[in-house]
Amino acid sequence: MWYAWPVVVGIDEVGRGCWAGPLVAGAVLLRMPIAGLRDSKKLSRLQRERLEAIICLEAAAFGLGWVSPAEVDKLGLTQAVRLAMQRAMECITVPYAEIIIDGNYNYLADNPKSRCLVKADTTVPAVSAASIIAKVARDAYMRGIARSYPGYGFESHVGYGTAVHRSALQQLGACDLHRSLFTPIRNLLEHS
């Protein structure tokens, strides 16, 4: 299979710094340029969701790698990110020339085609696309799971350490979606 477009798999993760919920990596190999791609954090929810639908329809291949909160706690952040990226790459079954990972650490260093690039989510379209699909998937999951965990506000802060989240933790305590490796959660668990 030959593409005129650069055959690059872009990888980015979402949820690394969250106090609760899964860590998710996206991997995308674009078939052609998609207008409007940029870092998912610089897009509105509506823009992300519109682009995610186009990416999933137009990409040559894409995948998501999910790591549960329990796995994050067990493995630590570095190994959890590596596992998420490995799981996302398992979905890429077409040939590719290169893997570009957003950031300054190559989580897939055992793959000779991989390299990291700081701010790749703003400069490499495939990485922007990976950022978008991972963010849309994770946010949708957190909004959905919020119904099973009322009072935490997961539908709004999606697990990040906001004032609303901290207040909910003080009232309700930690649940099984929380990651004990983060100090506020660990402190709460130690004093409960």
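## Contacts, cores, rings and a pocket

Leaving out neighbours within four places in sequence, aspartate 39 is in contact with Asp121, Thr122, Ser128 and Ser131. The model described here is predicted. Aspartate 39 sits in the loop between S2 and helix H1 (45-58). Is aspartate 39 buried or exposed? Its relative accessibility is 5%, so aspartate 39 counts as buried, the cut-off being under 20%.

**The cores**

The largest nonpolar core has 25 residues. Within this core, Val9, Ile11, Leu29, Met85, Met89, Tyr96 and Ile99 touch the most other members. Which elements give two or more residues to this core? They are strand S1 (8-14), strand S2 (23-29), strand S3 (61-67), helix H3 (77-89) and strand S4 (98-102). H3 gives the most, with 7 residues.

Methionine 85 has contacts of its own to follow. Residues up to four places away in sequence are not counted here; methionine 85 then touches Ile11, Glu13, Ala25, Ile101, Tyr107 and Leu108. There is also a second, separate core, made of 15 residues. Among them are Phe154, Val158, Leu169 and Ile185.

**The aromatic pairs**

A pair of aromatic rings is described by the distance of the centres and the angle of the planes. The model has 4 aromatic pairs. Two of them are set out here.

| Pair | Centre to centre | Angle between planes | Arrangement |
|---|---|---|---|
| Tyrosine 105 and tyrosine 107 | 4.8 Å | 65° | edge-to-face |
| Tyrosine 152 and phenylalanine 154 | 5.3 Å | 10° | stacked |

Tyrosine 105 has a relative accessible area of 38%, so it is partly exposed. Tyrosine 107 has 8%, so it is buried. Tyrosine 152 and phenylalanine 154 are both buried. Why does the pair of tyrosine 152 and phenylalanine 154 count as stacked? Their planes lie at 10°, and stacked means under 30 degrees apart, so the pair qualifies. Ring pairs also link Tyr149, Tyr152 and Phe154 into a cluster.

**The largest pocket**

Rolling a probe the size of a water molecule over the atoms shows where empty space is left. The largest pocket holds about 240 Å³ of space. It is lined by 14 residues, and Glu13, Val14, Gly15, Lys41 and Tyr160 are the closest to its centre. S1 and helix H5 (125-145) are the elements that give two or more residues to this lining. S1 gives the most to the lining, with 3 residues. How many nonpolar, polar and charged residues does the lining have? It has 2 nonpolar, 4 polar and 8 charged residues.

Terms used:
Residues are numbered from 1 along each chain as its sequence is written. This is a predicted model: local features need pLDDT of at least 70, side-chain atom pairs count only at pLDDT 80 or more; totals for chains, interfaces and linings use all residues. Side-chain values use heavy atoms; hydrogens and water are left out. A nonpolar core is a set of buried Ala, Val, Leu, Ile, Met, Phe, Trp, Tyr and Cys residues joined through side-chain atoms within 4.5 Å. Buried means under 20% relative accessible area, exposed over 50%, partly exposed in between (1.4 Å probe, protein chains only). Helices (H or I, at least four residues) and strands (E, at least two) are DSSP runs, numbered from the N terminus. Contact means heavy atoms within 4.5 Å. On a 1 Å grid over the protein atoms alone, a cavity is a set of points where a 1.4 Å probe fits but cannot get out, and a pocket is an open set with protein on both sides within 12 Å along at least five of seven lines; lining residues have an atom within 4 Å of a point. Grid points are joined across faces, edges and corners, and a volume is the space filled by probe spheres set on the points. Ala, Val, Leu, Ile, Met, Phe, Trp, Tyr, Cys and Pro count as nonpolar, Asp, Glu, Lys and Arg as charged, and the others, Gly among them, as polar. Rings of Phe, Tyr and Trp (its six-membered ring) pair if their centres lie within 6.5 Å; planes under 30 degrees apart count as stacked, over 60 as edge-to-face and the rest as tilted.
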